[in-house]
Amino acid sequence: MKDFLSPELSNQQQWQLVKQHLEYASRKSPFYQRLFKAKNIQVSTIKTEADFRRIPITTKEHLQRQNLDFLAVDYTEIIDHVTTSGTLGNPVNFMLNEADLQRLTYNEYESFMIAGVTKNDVVQITTTLDRRFMAGMAYYLGLRKLGAGIVRTGSGLPGLQWDSIQRFKSKYLVAVPSFLLKLIDFAQQNAIDYRSSSVKGVICIGESLLNEKLEDSALRKRIKDLWDVELFSTYASTEMATAFTECELHKGNHILPNLIYTEILDENGNPVENGEAGELVVTPLQVESMPLIRYATGDMVMRIEEKCICGRTSGRIGPVLGRKKQMLKIKGTSLYPQHIQEAMNTLGISDYIIEAKNDEFGNDQVCIKISEGIGLNLVQVQNKLRDQLQIKLEIQQLSASILLQKKFPKESRKPVIFHDLRSI
Ligand SMILES: [Zn+2]
């Protein structure tokens, strides 16, 4: 197994890794060779962060349109073929060779360590391990390196999840937070004493557990009120191939600076001031097959500058406040679908989707579609949302079966709550 520097590395050591990465991409990646030539960039002259910012941003569109130009190793060297989640547009092919799989293993091992998982624990992976999904496999690999017990239940199937928890005494789950609500619901309906189960913690993916004030989100509060398990937020994506993980203090996700160089940029591509939100732009380090430089994630986050009292010196980022392209402008108010989701969680409503459209003048219009048969007074919901969001949103009911189809489309590995039908 390849050795990696510890996450407790100095800025100088990280900069060395960035330089190595630039040098590697300039030699091996057809996309970056062409970009550097076109922009007349010599990587040997990049000595400061300001120099680094001269390199143009790489976007998802680049990856979509010039996918194979990013491949920096021979195709026959590839071991694992995955695709991105495709939250915005078509999924993109991603490929990993042996070194990348070792890096992914190490990354997830560090992530589990931050959440406090040890080799003596049994961990149940309730996300899909196949379906071209990088994360499920990454969890498995990280837990293998850690030496923990692993139960691979895969996604859904609350009955199988509870049966596995009872059989194998799982101490941790890896899960999408809203799936925990489904698990609790199933337990309540089937007289399972979930409160005294073996589960003590959950490594959560895909949904924010903090709000923008770095307080517990409504979703975390809602789960914790029902089931006293420790929830650890993680944030990652296929392109980053790196996890940002909450420690036991639950105040932002720790960065692994030995695996990823991060920038948070404003609209003009300049670093934001401390405490301000901007787009996360990443350079995942020590990647061989598809190296990326200054990749724009589209996620709006903020950096947390103060040192964490857990003792780790690595920086942290706050929750994803929204996807840059999903920003909604309604009657002069800007908000992200996440704000609406947070408000819906505060009201304790789970069975809904959010649809955005353009009206005839091109303005954004948002409609929340709630499942029929859950006995809600729509006017009351509308008023309560208006109190929280300061805008009045249209609310409609939808049959439970259609809602289910829209929220869990067959081709998606995750629930799709926000449906953007706006013309771009
Ligand atoms: Zn910490």
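Student: Are Cys247 and His254 buried or exposed?
Tutor: Both Cys247 and His254 are buried, where buried means under 20% relative accessible area, exposed over 50% and partly exposed in between, with a 1.4 Å probe and protein chains only. This is a predicted model, so local features need pLDDT of at least 70, side-chain atom pairs count only at pLDDT 80 or more, and totals for chains, interfaces and linings use all residues. Residues are numbered from 1 along each chain as its sequence is written, and side-chain values use heavy atoms, with hydrogens and water left out.

Student: OK, now the metal. Which protein donors does the zinc ion have?
Tutor: They are Cys247 (SG), His254 (NE2), Cys308 (SG) and Cys310 (SG), lying 2.2 to 2.3 Å from the zinc ion. Donors are N, O and S atoms within 2.8 Å of the metal (3.2 Å for Na, K and Ca); water is not among the atoms, so sites may look incomplete.

Student: And how are the donors of the zinc ion spaced along the chain?
Tutor: Their spacing is C-x6-H-x53-C-x1-C.

Student: What is the geometry of the zinc ion site?
Tutor: The site is tetrahedral, with angles of 102 to 116° among the 4 donor atoms. Four donors count as tetrahedral if all angles lie between 85 and 135 degrees. The ideal angle for four tetrahedral donors is 109.5 degrees.

Student: Switching topic: how many salt bridges are there?
Tutor: The count comes to 18 salt bridges, each being a side-chain nitrogen of Lys or Arg within 4 Å of a carboxyl oxygen of Asp or Glu.

Student: Which residue forms a salt bridge with Asp69?
Tutor: That is Arg34, and the closest N and O atoms are 2.8 Å apart. The pair links distant parts of the chain, 35 residues apart: Arg34 is in helix α2 (residues 30-38), while Asp69 is in the loop between α4 (60-65) and β1 (80-83). Helices (H or I, at least four residues) and strands (E, at least two) are DSSP runs, numbered from the N terminus.

Student: How does Asp69 count by accessibility?
Tutor: Asp69 counts as partly exposed, at 24% relative accessibility. Arg34 also counts as partly exposed, at 45%.

Student: What about Glu263 and Arg294, buried or exposed?
Tutor: Both Glu263 and Arg294 are buried, and their side chains meet in a salt bridge (2.9 Å, N to O). Glu263 lies in strand β10 (residues 260-265) and Arg294 in the loop between β11 (278-284) and β12 (295-301), so the pair ties together parts that are 31 residues apart in sequence.

Student: Which residues do salt bridges that share partners join into one network?
Tutor: Asp216, Arg220 and Glu246 are joined that way.

Notes: Tetrahedral: all angles 85-135°; square planar, octahedral: opposite > 155°, others 65-115°.
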